[in-house]
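Please read it alongside the sequence and the structure displayed below.

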Amino acid sequence: MLGFESSRRLARPVERVVGRAACGTVFWQRSSVSNSSGCLMPETSAASGFQPEELIRMSKNNNVDIQSPACVLCGRTDDCPEKYGEKRTYVEYSLTVHYYCLLMSSGIWQRGEEGEGVDGFLITDIRKEVNRAAKLKCNICKKKGASIGCVAPKCKRSYHFPCGIQKECIFQFMEDFRSYCWEHKPVQNFPDNASRGTSQCTICLDLVEQLPAYTVLKSPCCKNAWFHRECLQYQALSAGIFFFRCTVCNNKDKFQEEMLRMGIHIPEKDASWELEENAYQDLLQCYQHCDIKRCLCRNGRDYNEPDSKWEIKRCQWCGSRGTHLACSSMKSGEQNWECTECRSILGKKGNYGKQKKRSLAASEKTDGTTCLLEEPSPKCPRQSPGSQPNFVLQSPKIMCQNNLSSCSHLEFPASNRVRMSLSPLMSNRNQSLRKKHLRRQSSEASSILNELKLQVNTKTTRLNINAENIWNSALKGFRQRSFSPTNTIEIKFTNCKNTSKTDTSAASKHRFFQLLMLHLQNSSLFEGSSAKNLSLDFQAVKENLYFEAGKMIAVSLVHGGPSPGFFSKTLFNCLVYGPENVKPALEDVADVDVAQTIKMIKYANSLSSLQSTVRNCCEFLAAAGCLRPVTALCDKNMLVNDILIHHVIKRIISPLDSFRQGLKTLGVLEKMQIHPDAFSSILCHIPERLSAETVCDLFTIHSSSDVNKVESADFWMGYLQDVESGESVVTLEDILLFVTGFSSIPPSGFDPEPSIKLLHIRYPIGNRLLNCLELPITKTYEQFKNKMEFTIRNTLKVERE
């Protein structure tokens, strides 16, 4: 680790002081000037020629406020610890000085002990430094007293510390405490092909320009992490050397080294929140009270005797209610207990009635036979006090990693037997209920996305898109400097002959996002058949493509594009709840060889076969960090669990973090974490196939008392039923495409909402700007159907050609 203030004891190079440190004898006394100002003023001997009147004039020339304490080095009375360090006044030495002014002065170093003088700076040395600086003029403010000089060879610029900050000089608080003027200061390296857009400062969350500027710093360990210099300095002062690290990847050494090089002061102290007295006192208190309506304990509700029937047991979900074991007829402290409030929540969620069921991996009858269950229990192992019940209820799949069965015969799936016991009527009913639930959640997601859409302004950004090379052209557009997620996106499609076809409607934007989502689904960034997880692509990590993919998905959702629909439940839970809280399944493994290895271990029926399998794949297990001695058959459960966690989660932790950062665009990830059920319906499920009922409900028909119009409306609903049953040459998707330009209903819905006008026209007209379908009024249904099919079929045929 690089040195901090303590290394300031080392002498600076001699050439730093040559030509500047020549000075005569200096005497220090408390004159009338110093008495009033509270700071030291040099008074030279008679041989030097300075008189008291000249000292007053010098103080004025150096911008010293005689009426208030001023720093003897910079002459300023400012008291701003974040900029200039702590301003300290030492009455015994008649001295006032800014800490940073003292640290960065070129002709002084710490020769004393920590408690000697001023933080190791001897008083005699400070006097000599002030006298030396009094002869040097600041190249910025043109006043005397410039104690800091640029270390660049042949550079003779000198300046005060506050002037250097104002002129954007760099001061390095490490090693020999070098300072660089505005011309020779170090800069961060930016690749020529690096994006020049805007991103969020990961500390204050305000937008920051991705530019090589003094006020903006880039993380050396994360490709897309940008910060305001001021935010970094405040965080460094608060966190100290032990806790100051990259807010994205948590890197400490590389991050601190770069920040020190770029002039961020990292104090050698503990974090401010660690120094606060009794800051964590509340966390040490445990809830000890019996809340049962009729407490049986004679010693009172607060009495607690461990390992007895009067031991207080806390609610496994909220931890904020308790009961004596005897008051709830509990025989052992190992039993779980729920308070009435959490029990009512479980009941409303529909899970409390299933609480006696256990997952296949952890269920066993008392006689040793396997329990065949429909689904895992929503209950997890005992939770610590204060855990959130909603978290567990929303994701029953998330379980403690140690909650594995010790019996091998429970590993074989038995879900097929359960399905056989369900009647077709019950299956259809469950499927219908599931569809209704997804529609309800999709409607909620639509409302949330429309709220996020309010961020989009009227300023437009045009993207030139080549449909044959959708990924590269989209990547180029998203990385251009003028691109902002809050701008209205305008799409211009081009072909390979350099002739362009411009379509600025919402339909072209939807088509662009549709092609983009399809490309992402089949790209190397994801793996799996239908439900996909992130894959490990080192080149994509290097080029920061996972961040761009997350950003594109977030922008598509908010700007009215389609949703991916191909996320696996495991990937979704990792994004929402964090990878440390997710337990992957065998279906999440896309690699055939890895899946086969896991199956061989999982279904091993004897200890010898299990040990043989482990020996055969020991290289793979060692590379995954899962190789361990196998002494019992039940060890396979832990081994399978470790392999799954490594292969599905730990292996792709870097792409996952980058992908999460991209999804934070426009606040999408935050809404996902607040409303997981709603977003799961659009990210983990493909859009429901259109039905006549869906399309009919989608369009609003303008009512009229005209009989012919009423008949035409009946013709429209009858025609939708014919299309759904296959008695037409067009499909429901064709009708939607003809009217809106969309082949499916976007997650955020249509803007404006689709409508129907019944008019005396010859043929139907699809107005895509207004999402309005103008239908002809006909006398017979056959005329209506023929006109609809002729117009829609030919219009779409021309567009496709």
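**Salt bridges and a helix contact**

A network of salt bridges links E86, R88 and D119. The model is predicted, and it holds 12 salt bridges.

**Salt bridges between distant parts of the chain**

- R157 and E183 form a salt bridge through their side chains, with an N to O distance of 2.8 Å. This pair joins distant parts of the chain, 26 residues apart: R157 lies in the loop between β5 and β6, and E183 in the loop between β8 and β9. E183 counts as exposed because its relative accessibility is 51%, the cut-off being over 50%.
- K185 pairs with E168 in a salt bridge whose closest N and O atoms are 3.7 Å apart. K185 is in the loop between β8 and β9, whereas E168 is in the loop between α6 and β7, 17 residues apart. E168 is partly exposed, at 33% relative accessibility.
- D642 and R628 form a salt bridge with closest N and O atoms 2.6 Å apart. The two residues are separated by 14 residues, D642 being in helix α22 and R628 in the loop between α21 and α22. D642 is buried, at 16% relative accessible area, while R628 is partly exposed at 35%.

**Packing of α17 and α23**

- The axes of helix α17 (residues 545-558) and helix α23 (residues 653-663) come within 7 Å and cross at roughly 30 degrees. The crossing is right-handed.
- Residues of α17 in the contact include Y546, F547 and I553, and those of α23 include P655, F659 and L663. By class, the contact comprises eight nonpolar, four polar and one charged residues.

Methods: Residues numbered from 1 in each chain as written. Predicted model: local features only at pLDDT ≥ 70, side-chain atom pairs only at ≥ 80, totals over all residues. Heavy atoms only, no water. Axes fitted to C-alpha atoms, helices over the stretch in contact; angles between N-to-C directions. Helix = DSSP H or I, 4+ residues; strand = E, 2+ residues; numbered from the N terminus. Left-handed = near helix turned anticlockwise from the far one by under 90°. Contact = heavy atoms within 4.5 Å. Nonpolar A, V, L, I, M, F, W, Y, C, P; charged D, E, K, R; others polar. Salt bridge = Lys/Arg side-chain N within 4 Å of Asp/Glu carboxyl O. Buried < 20%, exposed > 50% of the residue type's maximum accessible area, 1.4 Å probe, protein only.
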